[in-house]
Amino acid sequence: MIRVIQHNCARSYEWTIAALETGVERRVDLVCLQEPRREREDIGISHSAYEIRNRKRVWTAIQKGSGLVVDERTDLTRGANGDVIATDVRRRGEKITRIVNVYNETDTQLGERERPARKLNWQRVIRQGGTVLAGDFNAHSKRWDPRCQVQRDAAFWEDMIDKNGLEIGNDGRPTHHWIREDQEGESVIDLTFANRPIVKWTILADDYASGSDHEVIEWEVGVDRQEEADYERVVGWNLAAMMEKDVEAAEKLWMELAKKRAQLDAECTEDKVEQGAAWGQEAMRSVLDATANTIRICARSQRWWNADIKERRRTVGRERRRRRNSEEAARAKAELQKSIWQSKREMWSDCLEHLRGAEVWRAARYANPRAGMTVEALKDREGKQANTSLEKEEMLRHESFPPNDGDQYYKLPPAGSAHTRVTEQAVEQALYSQSVKKAPGPDKLSLGAIRLLWRWDKERIVSLTRAAIRTGRHPAVWKRASGVVIRKPGKDDYMKLKAYRSISLLSCMGNVVEKVATELLSEEAKR
């Protein structure tokens with residue numbers, strides 16, 4: 001199941017933040033925003049709970065910890081990139097669902113006559129078996145609005161519904177409440193279409209009002225599963241929060257496991273080194289799983305989003321429901337806006353007041369505007385284009401790590417005597433000379449975890465290091481890496497591969513052994 005909130009924010013900073021906070025409180029997976037507050041060069045808008053894909057008039061915010069694998073299909077929305085975001089999402093074991101965030105209106109600043117959203121090849125955009133179109137369509141029709149008197153700008157979307165077998169999620173309730181001079185009215189223009197059953201579609205009531213003239217809408221869509229597999233994103237263990245009794249319990253559990261596994265000796269083979277490294281990794285992970293709190297990616301509200309703001313938001317909802325065009329409703333909206341800015345300003349001032357020394361650079365990180373998370377379609381040297389995440393990953397992998405000679409293993413020369421110089425002091429120096437802030441590899445075992453293991457069973461670590469150097473074998477579990485792609489700043493064209501660079505995060509235990517080997521080579525070179 002994928003749960004989504006959609007909302008037109010009326011180009012307001014306060015209503016944009018309110019919609020994102022509603023997503024946190026409702027624990028949704030995505031938030032689709034139309035007409036969010038446009039960023040200025042000196043002011044960026046971000047939220048710690050989301051990765052935000054932002055365009056000129058639409059944002060799609062993916063909640064951290066949702067477990068969704070996200071792939072923005074910029075190749076499908078060229079020509080309307082400012083008004084449409086197409087995003088393929090899935091969890092492990094689920095098939096892809098395409099969420100298309102739409103704002104269907106001309107841009108008067110650009111002098112457009114035709115609405116950009118209509119320029120797209122919607123036959124390509126709509127993925128058979130799993131597409132949802134959601135947003136502000138600015139279209140009036142009796143098919144989704146029973147109170148509509150004059151049909152306007154709806155024929156295009158009605159034709160699309162019929163051709164693609166789309167289901168209308170709306171239940172007929174008004175989604176837009178307008179006021180022009182002394183007149184007010186309501187209509188249904190915030191729409192949800194899908195070619196997959198919409199399990200739940202509802203308008204969120206008073207507690208989640210944003211102050212915009214559009215309603216906050218929440219819906220859920222079912223997904224097809226490829227296999228039964230739960231997703232839980234664990235990024236490590238909170239070692240700093242372990243009490244002394246937790247550390248003692250972890251040590252006791254490790255010792256029980258270690259009794260069943262002999263240490264590597266001077267005659268062990270390469271296969272034994274592989275097995276010993278893999279066993280140590282899995283055993284330490286099981287110990288930490290049993291005794292330490294795991295660190296998971298999760299979504300949290302902004303620190304300044306407090307109870308007073310929530311209460312004022314409820315007041316806005318109540319006043320809007322009673323009488324929309326009234327002084328009380330306008331006053332409630334103004335007080336909500338004021339409380340948002342006041343709370344944020346007070347928290348920011350308090351934070352700056354308590355910063356000392358180099359900590360001031362933390363403030364600069366939050367003050368600077370942040371770029372969106374979008375990775376454009378990529379082209380390689382031959383002009384071949386990659387659009388999906390899998391295609392991009394393969395292209396970046398091939399560019400960063402070109403094929404070698406077929407992974408041929410060459411026969412190593414006879415073992416020397418360097419391994420005899422691997423001492424407890426040498427391994428300890430290699431372990432403690434590296435920062436505990438260093439990011440771990442796919443095994444999630446940080447240097448802090450390796451140091452715990454060193455306190456419990458340093459002889460095992462020394463014997464493993466000595467055996468790896470004697471046999472010349474760097475175990476496969478230490479070669480697995482978590483790849484991170486970083487966009488190089490100041491590039492003209494981010495469709496080119498050379499505009500990105502890759503960073504590989506390897507096993508910390510493997511890094512320790514590599515550092516020991518580096519010191520041995522350095523000593524040998526000095527002789």
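On a 1 Å grid over the protein atoms alone, a cavity is a set of points where a 1.4 Å probe fits but cannot get out, grid points being joined across faces, edges and corners, and its volume is the space filled by probe spheres set on the points. This is a predicted model, in which local features need pLDDT of at least 70 and side-chain atom pairs count only at pLDDT 80 or more, whereas totals for chains, interfaces and linings use all residues. Residues are numbered from 1 along each chain as its sequence is written, and side-chain values use heavy atoms, with hydrogens and water left out.

A search of the whole structure finds one cavity of 30 Å³ or more, and the volume of the largest cavity is about 260 Å³. Its lining, made of residues with an atom within 4 Å of a point, comprises 23 residues, and Gly276, Ala277, Gly280, Gln281 and Leu464 are those that lie nearest the centre.

A nonpolar core is a set of buried Ala, Val, Leu, Ile, Met, Phe, Trp, Tyr and Cys residues joined through side-chain atoms within 4.5 Å, where buried means under 20% relative accessible area, exposed over 50% and partly exposed in between, with a 1.4 Å probe and protein chains only. The largest such core has 41 residues, and those with the most contacts inside it are Trp254, Met284, Val427 and Trp456. If neighbours within four places in sequence are left aside, Trp254 is in contact (heavy atoms within 4.5 Å) with Trp279, Gly280, Ala283, Met284, Val287, Leu453, Trp456, Asp457 and Arg460. A second, separate core has 29 residues, among them Ala18, Ala61, Trp305 and Ile309.

Another tryptophan, Trp237, is found in strand β15 (residues 234-237) and is buried, with a relative accessible area of 9%. Leaving aside neighbours within four places in sequence, its contacts include Arg285, Leu288, Asp289, Ala292, Asp443 and Leu445. With the side chain of Asp289, the side chain of Trp237 makes a polar contact of 2.9 Å; a polar contact is a pair of N or O atoms within 3.5 Å, of which, within protein, one must be able to donate a hydrogen and the other to accept it, while residues adjacent in sequence count only if both atoms are side-chain atoms. The C-alpha atoms of Trp237 and Ser212 are separated by 42 Å, although these residues are 25 residues apart along the chain.

Several polar residues also count as buried. Glu72, in strand β5 (residues 69-72), has a relative accessible area of 3% and is therefore buried, and a polar contact of 3.0 Å joins its side chain to that of Arg55. Ser12 has its place in the loop between β1 (2-8) and α1 (13-26), and counts as buried because its relative accessibility is 8%. A polar atom of the Ser12 side chain lies 3.3 Å from the backbone nitrogen of Trp15, and, beyond neighbours within four places in sequence, Ser12 is in contact with Glu35, Arg37 and Gln337.

Glu35 itself lies in the loop between β2 (30-34) and β3 (50-54) and counts as buried at 12% relative accessibility. Most residues other than glycine have a negative phi. Glu35, although not a glycine, has a positive phi of about 45°, and Asn138, also not a glycine, has a positive phi of about 50°. Asn138 is placed in the loop between β8 (131-136) and α3 (155-164), and is buried, with a relative accessible area of 15%.

Finally, the cysteines can be considered. With a disulfide taken as a pair of cysteine sulfur atoms within 2.5 Å, the count comes to zero disulfides. Cys32 is in no disulfide, and the nearest cysteine sulfur, that of Cys9, is 11 Å away. Cys32 is buried, with a relative accessible area of 0%, and Cys148 counts as buried at 6% relative accessibility.

Technical notes. Helix = DSSP H or I, 4+ residues; strand = E, 2+ residues; numbered from the N terminus. 1 Å grid on protein atoms, 1.4 Å probe; cavity = no way out; pocket = protein on both sides within 12 Å on 5 of 7 lines; lining within 4 Å.
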